[in-house]
Amino acid sequence: MTEQLPISIFVCDDLSEKWSKFKPTINKLAAQFNFQAMTANWYGDEDTIPYVQLFLETPTRFVEQQKQVKTNEMQTFKTHSDDVFSFIDNKESPQLIYTVAITEVEQELLEKQPKLLRNLLQIKLQKIFGIIAKQLNLNPI
């Protein structure tokens, strides 16, 4: 049985089908961010380890997910920007869930220059981890 890493990143099928390197790139970035979080002492207290799930979506799916979460009347729902929202899922162990849109402009850029995929995703996710660190009063990664 494998243990869940504190940081998990998931990609919608539409994006992973469009770019074959999307999932492998995300897997590498997830490993990198888990390691950086560990070195920034995010996991120092085993009782308070933040579990974070990031979902990368198309703009259409982003809007659908946002509507669905809002209709569930999640009191912890928060919009961070026009392409990022979050909420806390308290069903099992508390998890911060962030949904991130890969915007149409970003997708057009990636179609023209697919080599930018890793850098674009790394910069976009790094900003989200900055939000998380601030929200949870943790060291930035």
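View 1. The lining of the second largest pocket brings together 5 nonpolar, 2 polar and 4 charged residues. Here Ala, Val, Leu, Ile, Met, Phe, Trp, Tyr, Cys and Pro count as nonpolar, Asp, Glu, Lys and Arg as charged, and the others, Gly among them, as polar. You are looking at a predicted model, in which local features need pLDDT of at least 70 and side-chain atom pairs count only at pLDDT 80 or more, while totals for chains, interfaces and linings use all residues. Residues are numbered from 1 along each chain as its sequence is written, and side-chain values use heavy atoms, with hydrogens and water left out.

**View 2. Who lines the pocket.** To find your way around, look for His80, Ser81, Asp83, Val84, Glu106, Leu120, Ile123, Lys124, Lys127, Ile128 and Ile131, which line the second largest pocket. A pocket is an open set of points on a 1 Å grid over the protein atoms alone, where a 1.4 Å probe fits, with protein on both sides within 12 Å along at least five of seven lines; lining residues have an atom within 4 Å of a point. The volume of this second largest pocket is about 160 Å³, taken as the space filled by probe spheres set on the points, which are joined across faces, edges and corners.

**View 3. Helix H5 and strand E3 at the pocket.** Helix H5 (117–136) gives the largest share of the lining of the second largest pocket, 6 residues. Strand E3 (78–81) also supplies at least two lining residues. Helices (H or I, at least four residues) and strands (E, at least two) are DSSP runs, numbered from the N terminus.

View 4. Now move to strand E1 (residues 7–11), where you will find Ile9. Ile9 is buried, with a relative accessible area of 10%; buried means under 20%, exposed over 50% and partly exposed in between (1.4 Å probe, protein chains only). Leaving aside residues up to four places away in sequence, Ile9 touches Ile26, Leu29, Ala30, Leu54, Leu56 and Leu125, a contact being heavy atoms within 4.5 Å. Tyr98 is 89 residues from Ile9 along the chain, yet their C-alpha atoms are separated by 9.5 Å.

**View 5. Stepping back to the protein chain.** The protein chain holds 5 helices and 5 strands, and reading along the sequence gives the pattern β-α-α-β-α-β-β-β-α-α. Its C-alpha trace spans about 45 × 35 × 30 Å along the principal axes. Of the 141 residues, 42% are buried.
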